[in-house]
Amino acid sequence: GMDVVIDSVNIDAENVTISGSTGTYDDVEKIKELLSGLPYLREVKIVQANVDKNDQKVRMRLTCKRQV
């Protein structure tokens with residue numbers, strides 16, 4: 001399984017932004033694919049994915065459009 005920590009989820013009228021950390025860049029891609037498969041989200045984009053020098057975790061931020 002994936003080791004994923006979600007730090008924040010921001011939802012407004014049109015967008016959802018998810019921030020957190022995971023173990024690898026591959027995990028970030030898998031999370032993007034999972035979110036893309038949800039019927040109420042579209043245009044899932046990885047806007048940030050950087051390795052934290054302190055703990056070697058990948059810090060990520062993804063944005064999606066809400067399907068209304």
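Reader: Which strand does E43 lie in?

Author: E43 lies in strand 3. Please keep in mind that this is a predicted model.

Reader: What is the phi of E43 near?

Author: Phi of E43 is near 50 degrees, which is a positive value in a residue that is not glycine. Most residues other than glycine have a negative phi.

Reader: Which residues form salt bridges with E43?

Author: R42, E43 and K45 are linked in a network of salt bridges. Between E43 and R42 the closest N and O atoms are 2.7 Å apart, and between K45 and E43 they are 3.8 Å apart. R42 counts as partly exposed at 34% relative accessibility, and K45 counts as partly exposed at 45%.

Reader: How many salt bridges does the structure hold?

Author: The structure holds 6 salt bridges. One of them joins the side chains of K30 and D27, at 3.9 Å from N to O. Both residues lie in helix 1, 3 residues apart, which is about one turn of the helix.

Reader: Where is T24?

Author: T24 is placed in the loop between strand 2 and helix 1. With a relative accessible area of 36%, T24 is partly exposed. From T24 to V68 there are 44 residues in sequence and 32 Å in space, C-alpha to C-alpha.

Reader: Let us change topic. In what order do the strands form the sheet?

Author: The 4 strands form an open sheet in the order 1-2-4-3, and the pairing is antiparallel. Strand 1 (4–11) and strand 3 stand at the edges with a single partner strand each, so one side of each has no neighbour in the sheet. From one strand to the next, the twist averages 15 degrees.

Reader: How many bridges join the pairs?

Author: Strand 1 and strand 2 are joined by 7 bridges. Strand 2 and strand 4 pair over 8 bridges, and strand 3 and strand 4 also pair over 8 bridges.

Reader: Which residues stand opposite one another?

Author: S8 has S19 in strand 2 as its bridge partner. In strand 4, V58 stands opposite T22, and L62 stands opposite I46.

Reader: What lies between strand 3 and strand 4?

Author: Their hairpin has 6 residues between the strands, and there Q56 takes a positive phi near 65 degrees. Q56 is not a glycine.

Reader: And where does helix 1 lie?

Author: Helix 1 lies across strand 1, strand 2, strand 3 and strand 4, and runs at about 165 degrees to strand 3.

Reader: What does V58 touch?

Author: Leaving out residues up to four places away in sequence, V58 touches G20, S21, T22, G23, T24, Y25, V28, A49, N50 and V51.

Reader: S21 is on that list. Is S21 buried or exposed?

Author: S21, which lies in strand 2, counts as buried at 8% relative accessibility, because the cut-off is under 20%. The side chain of S21 makes a polar contact with the side chain of R59 at 3.2 Å. Beyond its neighbours within four places in sequence, S21 is in contact with residues including D3, D7, K57 and M60.

Technical notes
Residues numbered from 1 in each chain as written. Predicted model: local features only at pLDDT ≥ 70, side-chain atom pairs only at ≥ 80, totals over all residues. Heavy atoms only, no water. Contact = heavy atoms within 4.5 Å. Pairing = 2+ DSSP bridges. Helix = DSSP H or I, 4+ residues; strand = E, 2+ residues; numbered from the N terminus. Axes fitted to C-alpha atoms, helices over the stretch in contact; angles between N-to-C directions. Buried < 20%, exposed > 50% of the residue type's maximum accessible area, 1.4 Å probe, protein only. Polar contact = N/O pair within 3.5 Å; in protein donor to acceptor, adjacent residues only side chain to side chain. Salt bridge = Lys/Arg side-chain N within 4 Å of Asp/Glu carboxyl O.
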